[in-house]
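These are my notebook entries on a structure I looked up. I begin with the fold of each chain and then turn to the contacts.

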Amino acid sequence: MFASSFVRAAFPFAVVAAIWELVAHSGAFPPRLFPPLEEIGATLARLTVQGILPHHAAETVFRLAFGFAIAAALGVLVGILMGRYRRAEDLLLPLVSIGAPIPGLAYAPLFLLWFGLGDTGSIVLVAFVSMFPVIINSWTGVKAVKEIWLRAAQTMGADERRLFRYVILPGALPYILTGCRLGLAQAWRILVAVEMLAAVPWGLGWLIFGAREFLNTDAMLAGIAVIAVIGLALEKFVFQRLERYTVVRWGMVAA
Amino acid sequence: MKALLSVVIALVVYEVIARAGWFATALVPTLPMVARTLWAMLADGSMAGHAINTLYRVFAGLALAASVGLVLGFLMARYRPVESFFLPLVSALMPIPSLAWAPVFILWFGLGNVATILIVFYAASFPMVINTWTGARAVNPLWLRAAGSMGARGGAMFWKVVVPGASPFIITGLRLAFQRAWIAVVGAEMLAASAFGLGWVIFDAKEFLNADVMLASLAVIGAIGFVFERLVFGSLERTTVLRWGMVRAAKA
């Protein structure tokens, strides 16, 4: 059962790989620009063994984690405040709705000017951009907590702190997690691009962009493969798991 | 009214910071400076030129993504082998940010429009494929059977039942695709260094420390995004999905 589903999932990749090989070996394109798979694989292995690729990946993941941690902490806080207090909502909602639709990368040059090239600029940008979905979803989540739960808890004597801990937070959590998921995906997309622009010395985005100068298409494609693996891992292992342990277990989402 | 108030407060705070002299004026220009720059760029037509170039790239990429996405999405929903072939590929390629392809596309297709449009295409096609596929599969089977028993076949079934039935998902997909495309085009213009375009203006302004040009272009990018998001997609939704009664039907 497992083996057959694995074969079925692997089949399309085998076909694409075969087509790639045919095109690469046909000589229609210069091999420097369109390297065959074995060369990409060799580069991937070589860069991994030399520790270059892990170093790039580690820097990227560090920036992602750092930037996103700021975004999640601030975003959830602001979102909950907006959902709970009328004042905060009136003040912040218009600003959030103006800022959210502007593509994050449009801010990139400005942030690089303000915070400098390198780590600070890129982390601040990632945090800023990925904060919007977190804020919007946390705010919606708090608003979506059923009125009747709040009233029931209050009649049973829950004070503000308990109300928050046992009713509002679990009630809003599915939305908050969705927001974090969207935010992380956003952060990931922005980060790869900003690493190309911010001239950081290490990072997968930089690896890909820097390889262009030397026509190292094999290194670029190896970098893209690593990016794909990290992206998939984030989705599969971080968020689906988090969701299973909290929301599904608390019965907030029909499992 | 309240919305206006909070925007005014934010602008005043910015203006105070800009005038306090903590930061260089070149980096944090005052609002009148930004407004003057915006006006000058609008008046001499350079802003319009950049905006038109950017819009051309977005819509070329979006049109390409929509046509490929719709066809592939419907085929995946209709034919099992197509689905089992393309679904793993789509899920493997989806988590790669479109801008990661920028250097590769630049090498393959050169700087300029082709690379930019392809990056936009890559960004926009995934929401189209996924939403069309989901939408076509979410069509109420009762409708299919009802139409079938009334003698609808092939073409009629597809155009009169499946397409309207899937339309709420497809419109959402288009909307998501536009958002992605709009992000991707700005980044692609910065990297692919074409000589025109809103993303390029912002990036180019960095070289000359023209923070006022950046903020002015940022305002234009925000305004265009807002107009499309609210007006174009809002009215598209009204004229199709709402009129066909799809959304109400879905809720009932």
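**Entry 1: chain A, overall**

I counted 10 helices and 0 strands in the secondary structure of chain A; helices (H or I, at least four residues) and strands (E, at least two) are DSSP runs numbered from the N terminus. Along the sequence I read the pattern α-α-α-α-α-α-α-α-α-α for chain A. The radius of gyration of chain A is 23 Å, well over the 18 Å given by the globule rule for 255 residues, so chain A is more spread out than a compact globule. That radius is taken over C-alpha atoms, and the globule rule is 2.2 Å times the number of residues to the power 0.38.

I note that this is a predicted model, in which local features need pLDDT of at least 70 and side-chain atom pairs count only at pLDDT 80 or more, while totals for chains, interfaces and linings use all residues. Residues are numbered from 1 along each chain as its sequence is written, and chains are lettered from A and ligands numbered from 1 in the order in which they are written.

I took the box filled by the C-alpha atoms of chain A along the principal axes, and it is roughly 75 × 55 × 30 Å. Among the contacts in chain A with a separation of 6 or more, 73% are accounted for by residues 24 or more positions apart; two residues are in contact if their C-beta atoms, placed from the backbone, lie within 7 Å.

**Entry 2: domains of chain A**

I find chain A divided into domain 1 (1-32) and domain 2 (35-248), with bounds from an automatic or database domain assignment. The centres of the two domains of chain A, taken over C-alpha atoms, are separated by 32 Å. Their contact takes 7 residues from domain 1 of chain A and 5 residues from domain 2 of chain A. On the domain 1 side I list 4 nonpolar, 1 polar and 2 charged residues. Here Ala, Val, Leu, Ile, Met, Phe, Trp, Tyr, Cys and Pro count as nonpolar, Asp, Glu, Lys and Arg as charged, and the others, Gly among them, as polar.

**Entry 3: Arg63(A)**

Is Arg63(A) buried or exposed? Arg63(A) counts as buried because it has 25 C-beta neighbours inside 10 Å. I place Arg63(A) in helix α3 (residues 52-84) of chain A. Leaving aside neighbours within four places in sequence, I list its contacts as Asp119(A), Ser122(A), Ile123(A), Val126(A), Leu191(A) and Gly203(A). Gly203(A) is 140 residues from Arg63(A) along the chain, yet their C-alpha atoms are separated by 8.9 Å.

**Entry 4: chain B, overall**

I counted 11 helices and 0 strands in chain B. The C-alpha atoms of chain B fill a box of roughly 75 × 50 × 30 Å along the principal axes. Buried residues make up 40% of its 252 residues. Of the contacts in chain B between residues at least 6 apart in sequence, 73% join residues at least 24 apart.

In chain A, helix α9 (residues 204-213) is mostly covered, with 8 of its 10 residues buried; Trp206(A) and Phe209(A) are among them. After α9(A) comes Leu215(A), with a positive phi near 55°.

In chain B, 7 of the 10 residues of α9(B) are buried, so this helix is largely enclosed by the rest of the structure. The buried residues include Trp200(B) and Phe203(B). Leu209(B) follows α9(B), and its phi is positive, near 55°.

**Entry 5: contact between the chains**

How many residues does the contact take from each chain? I find 41 residues from chain B and 42 residues from chain A. On the side of chain B that touches chain A, at least two residues each come from α1 (2-20), α4 (80-93), α5 (102-109), α8 (154-192), α9 (198-207) and α10 (211-242). The largest share, 8 residues, comes from α10(B). That side of chain B divides into 32 nonpolar, 6 polar and 3 charged residues.

**Entry 6: nonpolar core**

The largest nonpolar core has 132 residues, and Val126(A), Ala187(A), Ile119(B), Val120(B) and Ala181(B) have the most contacts inside it. Such a core is a set of buried Ala, Val, Leu, Ile, Met, Phe, Trp, Tyr and Cys residues joined through C-beta atoms within 7 Å. I note that α8(B) gives the most to this core, with 17 residues. Leaving aside neighbours within four places in sequence, the contacts of Val120(B) include Arg57(B), Leu62(B), Ala181(B) and Val185(B).

Note on methods. Buried ≥ 20, exposed ≤ 12 C-beta atoms within 10 Å, placed from the backbone.
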